[in-house]
Amino acid sequence: MKSTSKKLLAACGMLLGMQLTAHAGPILLVTNGILTGATGVEYDGQHYDVSFSDTRPVEGNMAFDSLAATFGASSALDRLVFQGMHDANPGLTNGCTNPLLCFVVTAFEVNGVFAKGAAFTNTASPYADLLLPFAVIGDAANSTFMTYAHWSLQEDVRQAVPEPSTLLLTAAGLAAFLLRHKPRSGMTVA
């Protein structure tokens, strides 16, 4: 066997020994067609459970401590959770009944008067969804167009899922092809 073929087979063997992994995206929690939350929402290298409710967050029980962090978390909601029918119909989010607009507020500070944070503005049009700084006076219990996102850090219990890569499968196929077309000893090629 030529040295190039031996090197190629060695490289294929090394690729076969590698284990590549993939991670699933968030799991949406839907009850009777209403989005009540999501598990496994990834933001800043951490996984969170998020629930949507018109109940004001409890002071001192915030997952984030700055406006910048709540902007990042709200952006993660936009990218990872609010897709498909829950993006096209904001009224399908728990705490919101307005079919055209829902402010999903992630708070970083709550006191006796205000809840401050960032809001992901979920609209019936995916082109008009915005991230805004937001301050709420009182509770959102009587609002048809606002809900709170309650974030809690998820314990890292995910298992890595082995997944064959395209390169790995291609290399295995190439190795099999080279072994199959190896000239047999004693035969002459004309």
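**Strands S6 and S7.** I began with strand S6 (residues 114-123) and found that S6 runs antiparallel to S7, with eight bridges joining the two. I keep in mind throughout that this is a predicted model.

**The patch at Phe114 and Ile137.** I asked myself which residues make the nonpolar surface patch of about 280 Å².

**Arg56.** Next I turned to Arg56, which I located in the loop between strand S4 (46-53) and helix H2 (67-81). Is Arg56 buried or exposed? I noted Arg56 as buried, because its relative accessibility of 16% falls under the 20% limit. I then looked for what the side chain of Arg56 reaches, and wrote down the backbone oxygen of Asn111 at 2.6 Å. I also wrote down the backbone oxygen of Phe114, which lies 2.8 Å from a polar atom of the Arg56 side chain.

**Salt bridge.** How many salt bridges are there in the count? I found one, and I recorded it as the meeting of the side chains of Lys116 and Glu109, with 3.7 Å from N to O. I looked up the exposure of both residues: Lys116 is partly exposed because its relative accessibility is 30%, and Glu109 is likewise partly exposed, with a relative accessible area of 30%.

**The chain as a whole.** Stepping back, I counted four helices and nine strands in the protein chain, and reading along the sequence I wrote the pattern as α-β-β-β-β-α-α-β-β-β-β-β-α. Of the 190 residues, 32% count as buried, and I noted Arg56 as a buried residue. For contacts between residues at least 6 apart in sequence, I recorded that 63% join residues at least 24 apart. My last entry concerns the accessible surface of the protein chain, which comes to about 11400 Å², with 60% of it belonging to carbon and sulfur atoms.

Key:
Residues numbered from 1 in each chain as written. Predicted model: local features only at pLDDT ≥ 70, side-chain atom pairs only at ≥ 80, totals over all residues. Heavy atoms only, no water. Buried < 20%, exposed > 50% of the residue type's maximum accessible area, 1.4 Å probe, protein only. Polar contact = N/O pair within 3.5 Å; in protein donor to acceptor, adjacent residues only side chain to side chain. Patch = residues over 30% accessible without salt bridge, like charges linked within 9 Å, V, L, I, M, F, W, Y side chains within 5 Å. Areas by Shrake-Rupley, 256 points an atom, 1.4 Å probe, with all protein chains shown as cover. Salt bridge = Lys/Arg side-chain N within 4 Å of Asp/Glu carboxyl O. Contact = heavy atoms within 4.5 Å. Pairing = 2+ DSSP bridges.
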